[in-house]
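Please take me through this structure stop by stop.

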Amino acid sequence: MTRTHAVLESPIGKLTVVAQDGALAGLYMEQQRHLPKFETFGPEDAGYELFARVESQLKEYFAGQRREFDLPITFAGTEFQRRVWTELTEIPYGETISYGELAQRLGNPTASRAVGLANGKNPISVIVPCHRVVGSTGDLTGYGGGIERKRFLLDFERGPVALF
């Protein structure tokens, strides 16, 4: 397992991207909850080709020109967490679902609390859109990057404003 990382600028602050064996393994915001220890990110390698692709696609996203990401990703987590994170990629741009709806999609309608915990530990923010999951009443509930960023990302996806 070979890991490297780079730090990218974005409209939501600095993002630390982590690659593992040629795939994106992490995208972390500053002061993100459940942030792994920095030493697990591996050495910095800003010239790594995958990081250039991530940066390019994030710029397109924040410019309003990209709604889906086309990057190799890998998830390190429990089987349940990986199922939740994979299902997050199926939530369309600009739309939201509740934790309960996500649990139903996974075939376990009583697991909304477990889905919420897994969602909060999503290691690949923005690209794996955990920000698109809301409370059953539509309220913005916890977000590893902070509620302000969640609101910002949801408002951005619903509106015509390009940021980058």
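The tour below goes from a strand to a helix, then to rings, a pocket and some loops.

**Before you start**

Keep in mind that this is a predicted model. Residue numbers count from 1 along the chain as its sequence is written.

**Stop 1: L15 in strand β2**

Select L15. You are in strand β2. L15 has a relative accessible area of 0%, so it is buried. Now show what surrounds it. E55 is 40 residues from L15 along the chain, yet their C-alpha atoms are 9.8 Å apart.

**Stop 2**

Move to D21. This residue sits in the loop between β2 (15–20) and β3 (23–29). Its relative accessible area is 55%, over the 50% cut-off, so D21 is exposed. Check the backbone here. The phi of D21 is near 50 degrees, a positive value, and D21 is not a glycine. Most residues other than glycine have a negative phi.

**Stop 3: helix α2**

Select residues 79–88, which form helix α2. Which residues of this helix are buried? Colour Q81, V84, W85, E87 and L88: these are buried. Why do they sit on the same side of α2? They span an arc of only 160 degrees around the axis, and that places them on one side of the helix. Residues three or four places apart in an α-helix point the same way, because there are 3.6 residues a turn.

Now show what lies over that side. The cover over the buried residues of α2 includes α3 (99–105), α4 (112–120) and β5 (133–134).

Zoom in on E87, still in helix α2. Its relative accessible area is 19%, under the 20% cut-off, so E87 counts as buried. Setting aside neighbours within four places in sequence, E87 is in contact with L102, R105 and L106.

**Stop 4: the aromatic rings**

Display the Phe, Tyr and Trp side chains. How many aromatic pairs does the structure hold? There are nine. Take Y61 and Y93 as one of them. Their ring centres are 6.1 Å apart and their planes stand at 80 degrees, so this pair is edge-to-face. The two residues come from distant parts of the chain, 32 residues apart. Y61 belongs to helix α1 (residues 49–62), while Y93 is in the loop between α2 and β4 (97–98).

Are these two tyrosines buried or exposed? Y61 is buried, at 1% relative accessibility. Y93 is buried too, at 14%.

**Stop 5: the largest pocket**

The space inside is about 260 Å³. What is the lining made of? It divides into ten nonpolar residues, one polar and four charged.

**Stop 6: V126**

Select V126, in the loop between α4 and β5. V126 is buried, with 1% relative accessibility.

**Stop 7: T96**

Go to T96, in the loop between α2 and β4. At 28% relative accessibility, T96 counts as partly exposed. Neighbours within four places in sequence aside, T96 is in contact with R132, V134, L154 and R158. Now draw a distance back to L15 from the first stop. T96 and L15 are 81 residues apart in sequence, and 23 Å separates their C-alpha atoms.

**Stop 8: S136**

Finish on S136, in the loop between β5 and α5 (147–158). S136 is exposed, with a relative accessible area of 73%. S136 and A19 are 117 residues apart along the chain, with 34 Å between their C-alpha atoms.

Key:
This is a predicted model: local features need pLDDT of at least 70, side-chain atom pairs count only at pLDDT 80 or more; totals for chains, interfaces and linings use all residues. Side-chain values use heavy atoms; hydrogens and water are left out. On a 1 Å grid over the protein atoms alone, a cavity is a set of points where a 1.4 Å probe fits but cannot get out, and a pocket is an open set with protein on both sides within 12 Å along at least five of seven lines; lining residues have an atom within 4 Å of a point. Grid points are joined across faces, edges and corners, and a volume is the space filled by probe spheres set on the points. Ala, Val, Leu, Ile, Met, Phe, Trp, Tyr, Cys and Pro count as nonpolar, Asp, Glu, Lys and Arg as charged, and the others, Gly among them, as polar. Buried means under 20% relative accessible area, exposed over 50%, partly exposed in between (1.4 Å probe, protein chains only). Helices (H or I, at least four residues) and strands (E, at least two) are DSSP runs, numbered from the N terminus. The arc is that of the directions from the helix axis to the C-beta atoms. Contact means heavy atoms within 4.5 Å. Rings of Phe, Tyr and Trp (its six-membered ring) pair if their centres lie within 6.5 Å; planes under 30 degrees apart count as stacked, over 60 as edge-to-face and the rest as tilted.
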